[in-house]
Amino acid sequence: MAEVFPDTAGAFAGRLGRVSYYVTRDGRNMARKKRAPKSKRRRKRTERNDGFGALSELGRGMLDVIRKGFPERPGNWTAWNAFMSHNKEAVTGKDRREVDFGRLACSWGSLRPPRAEATVEGATVRFAWEAEGNSFGGRTDDAVHAALLWREAGTWFGAAVEAGARGTGGSAEWTLPDSPAEVRVYAFVLSADGRKASPSVPLA
């Protein structure tokens with residue numbers, strides 16, 4: 001908002017383009033400029049950046065999971081690049097600022113996911129997986145992992161822990177730090193040499 005000093009035409013009011021002119025009670029001639037509307041492209045870019053911001057905030061706390069879960073990727077990509085790319089559709093909600101944990105990919109690759117289940121009780125996670133033999137997309141020496149994500153004071157943390165071999169089956173139990181406000185559990189496998197992974201499966 002700015003004061004206008006008119007010429008011999010005297011005070012004036014009205015709109016010229018995006019500028020509105022008006023006269024105050026004390027006789028001053030003022031001008032106010034209206035902001036230009038955002039283009040559709042700019043709005044979409046803002047929404048996309050907000051979504052990636054929510055995903056980035058989550059990802060920073062689960063770097064251990066990301067580094068292990070995305071070994072199969074283009075040569076010029078980092079594990080972080082792969083994580084962000086595979087989770088474009090996991091960002092939802094108003095202004096795309098929420099992460100849909102049911103669609104979150106903690107890993108990605110060509111192997112077959114394990115058959116597993118998990119329960120959460122407070123800070124305790126109980127994890128179990130079925131024994132499987134060699135078959136297309138999986139070998140008995142694949143390493144079954146649990147991706148554990150937990151939220152404390154509004155911040156997410158994560159860890160990828162190896163539970164055992166695909167071919168043996170079994171169970172494991174872990175206790176998370178303190179008393180988390182929310183816990184998410186996923187399962188995936190890595191090949192014995194760590195060069196291949198499976199997509200993750202949400203369990204709890």
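**Figure 1. The largest pocket, close up.** In this predicted model, the largest pocket holds about 190 Å³ of space. Eleven residues line the largest pocket, and those nearest its centre are Ala 54, Glu 57, Leu 58, Val 99 and Trp 156. Helix 1 has the largest share of the lining, with four residues. Sorted by class, the lining comes to five nonpolar, three polar and three charged residues.

**Figure 2. The whole chain, for orientation.** Before going further in, here's the overall picture. Of the 204 residues in the chain, 35% are buried. Take the contacts between residues at least 6 apart in sequence: 60% of them join residues at least 24 apart.

**Figure 3. Inside the largest nonpolar core.** In soluble globular proteins, nonpolar side chains tend to be buried together. Here, the largest nonpolar core has 24 residues, and the ones that touch the most other members are Met 62, Phe 83, Phe 101, Leu 104, Cys 106 and Leu 149. Two or more core residues come from each of helix 1 (40–61), helix 2 (63–69), helix 3 (79–86), strand 9 (143–152), strand 10 (155–165) and strand 12 (182–190). Helix 3 gives the most to this core, namely four residues.

**Figure 4. Met 62 and its neighbours.** What does Met 62 touch, not counting residues up to four places away in sequence? Look for Phe 83, Cys 106, Leu 149 and Gly 158 around Met 62. Apart from this core there's another one, with 16 residues, including Val 125, Trp 129, Ala 146 and Ala 187.

**Figure 5. Aromatic rings on helix 3.** The count of aromatic pairs comes to six. One of these is Trp 80 with Phe 83: the ring centres are 5.9 Å apart and the planes sit at 45°, so the pair is tilted. Why are Trp 80 and Phe 83 separated by about one helical turn? Because they are three residues apart in helix 3. Now compare how each one meets the surroundings. Trp 80 counts as partly exposed because its relative accessibility is 26%, whereas Phe 83, at 0% relative accessibility, counts as buried. Ring pairs also bring in Phe 70, linking Phe 70, Trp 80 and Phe 83 into a cluster.

**Figure 6. A second tilted pair, Phe 127 and Trp 129.** How far apart are the rings of Phe 127 and Trp 129, centre to centre? The distance is 6.1 Å, and with 35° between the planes this aromatic pair is tilted. Are Phe 127 and Trp 129 buried or exposed? Both are buried. You've already met Trp 129, which is among the members of the 16-residue core.

**Figure 7. Ser 191, a buried loop residue.** Ser 191 is in the loop between strand 12 and strand 13 (201–202). With a relative accessible area of 12%, Ser 191 falls under the 20% cut-off, so Ser 191 counts as buried. Which residues does Ser 191 touch, leaving aside those up to four places away in sequence? They are Leu 111, Asp 142 and Lys 196.

Methods
Residues numbered from 1 in each chain as written. Predicted model: local features only at pLDDT ≥ 70, side-chain atom pairs only at ≥ 80, totals over all residues. Heavy atoms only, no water. Core = buried A, V, L, I, M, F, W, Y, C linked by side-chain atoms within 4.5 Å. Buried < 20%, exposed > 50% of the residue type's maximum accessible area, 1.4 Å probe, protein only. Contact = heavy atoms within 4.5 Å. Phe/Tyr/Trp six-rings, centres within 6.5 Å; stacked < 30°, edge-to-face > 60°. 1 Å grid on protein atoms, 1.4 Å probe; cavity = no way out; pocket = protein on both sides within 12 Å on 5 of 7 lines; lining within 4 Å. Points joined across faces, edges and corners; volume = space filled by probe spheres on them. Nonpolar A, V, L, I, M, F, W, Y, C, P; charged D, E, K, R; others polar.
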